[in-house]
Amino acid sequence: MVDVKLFDTLDAVAADADGALDRAKQPGLYNRLEWYRRTVKDGNPHAPLVARARNAKGSAWLFLDRKPGGAQALASWYTLDFGLSGEGETEASTEALARNLKHLARIELSPVGDPEPIARAFRNAGWKVFVEPKTENWFHRMPNDFETYWASRPSRLRNTVKRKAKKANLDIRIHRTFDEAAWDDYRTIYAQSWKGEEGSWPFMRDFAETEGKAGTLRLGVGYIDGEPVAAQLWTVENGQATIHKLAYTEASKKLSPGSILGEAMFRHVIEQDAPAIIDYGTGSEPYKADWMDEVRTLYRIEMFNPRRPGAWFALAKRLISGLVRRGAQG
């Protein structure tokens, strides 16, 4: 027997979950209620729709964001992996969620690391489901010591760091709690980098402060002659280190401060925190292959409810485009 309930506020979800979506119970950063609260608070017009399935084995929550004609993952570009939240979730629970979302015409989820359980459950519930690659996630299974890791990196990276470190004379400071001055320096670096404006500074500051209090923040800043030139924001928790954001100033590019700081961050985290995995977030940037050895695909799941007229036109277009692609491939 699966009990399903729908919620339209995160406060109602919190009352129902009774702590089950807090840090102590949810090892994954992107599965926690505080992450979804931060996403809603981000300034975009989010209208949450949260489906919860509960049985004797546990509870599972699917966090959605309403949009015209359906819903999408309650996520932002800071969300590096999206999926069900909870514990003890089963295919029966996910299928029950799918059946209780039958009033929606369309649902889109991304980026999803393991799409098949969700896709299979929604297909079993009568939805038409399409799964396609969305982006990539580079990661590395770490050895027990930094020297072994560093020796495995491409010689061009190691030689660049060794050569440029002498010229740059980078002053590196790695903060394990939130530091106001370091945060201001991080913002200064970002403004002078190739990246332009950050998506939401309030989001990032709240995230950094929260993780600093939890002891998971690793914020590294590099200085040349007292001027901040490179920064990296990591978190380390439950055996995994994640590189969330990095930047360096355009003016310092020739000195490779990003690579020099990167070597220091990897050394610090491997020696001090000993994670089993270091995760380089999402994206297919070529430089990530210099630091990581493995890559996995993250997916987009698009699901149409054929019982809803609002899904018919988009579903027909999806089916026709699939036929065209197959025809072009012979």
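Student: Where does Asn-169 lie?
Tutor: This is a predicted model, in which local features need pLDDT of at least 70, side-chain atom pairs count only at pLDDT 80 or more, and totals for chains, interfaces and linings use all residues. Residues are numbered from 1 along each chain as its sequence is written, and side-chain values use heavy atoms, with hydrogens and water left out. Helices (H or I, at least four residues) and strands (E, at least two) are DSSP runs, numbered from the N terminus. On that numbering, the place of Asn-169 is the loop between α6 and β8 (171–175).

Student: Is Asn-169 buried or exposed, and what is its phi?
Tutor: Buried means under 20% relative accessible area, exposed over 50%, and partly exposed in between (1.4 Å probe, protein chains only). Asn-169 has a relative accessible area of 62%, so it is exposed. Although Asn-169 is not a glycine, its phi is positive, at about 50 degrees.

Student: What is the phi of Asn-238?
Tutor: Asn-238 is in the loop between β10 and β11. Its relative accessibility is 55%, so it counts as exposed. Most residues other than glycine have a negative phi, and most peptide bonds are trans. Asn-238 is not a glycine, yet it has a positive phi of about 55 degrees.

Student: What is the omega of the peptide bond from Ser-110 to Pro-111?
Tutor: Pro-111 is found in strand β6. The bond from Ser-110 to Pro-111 is cis, with omega near -5 degrees.

Student: Which residue makes a polar contact with the side chain of Glu-108?
Tutor: Glu-108 is in strand β6 (residues 106–112) and counts as buried because its relative accessibility is 18%. Leaving aside neighbours within four places in sequence, its contacts (heavy atoms within 4.5 Å) include Lys-67, Gln-72 and Ile-301. A polar contact is a pair of N or O atoms within 3.5 Å; within protein, one must be able to donate a hydrogen and the other to accept it, and residues adjacent in sequence count only if both atoms are side-chain atoms. At 2.9 Å, the side-chain partner of Glu-108 is Arg-300.

Student: How far does helix α8 reach from its first C-alpha to its last?
Tutor: Helix α8 covers residues 201–214, 14 residues in total. The expected span is 1.5 Å times one less than the number of residues. The reach of α8 is close to the expected 20 Å, at 20 Å.

Student: Which residue caps the N-terminal end of α8?
Tutor: The buried residues of α8 include Trp-201, Phe-203 and Phe-207, and the elements against which its buried residues pack include α2 (33–41) and β9 (217–224). At the N-terminal end, a side-chain oxygen lies 3.2 Å from the backbone nitrogen of Phe-203, and the capping residue is Ser-200.

Student: How are α1 and α2 oriented to each other?
Tutor: Axes are lines fitted to C-alpha atoms, for helices over the stretch in contact, and angles run from 0 to 180 degrees between N-to-C directions. The axes of α1 (residues 10–17) and α2 come within 11 Å and cross at roughly 175 degrees. Angles under 35 degrees count as roughly parallel, over 145 as roughly antiparallel, 65 to 115 as roughly perpendicular and the rest as oblique. The two helices, α1 and α2, are therefore roughly antiparallel.

Student: How are α6 and α9 oriented?
Tutor: Helix α6 (residues 155–168) packs against α9 (residues 257–273) at about 105 degrees, with the axes 9 Å apart. That makes α6, relative to α9, roughly perpendicular.
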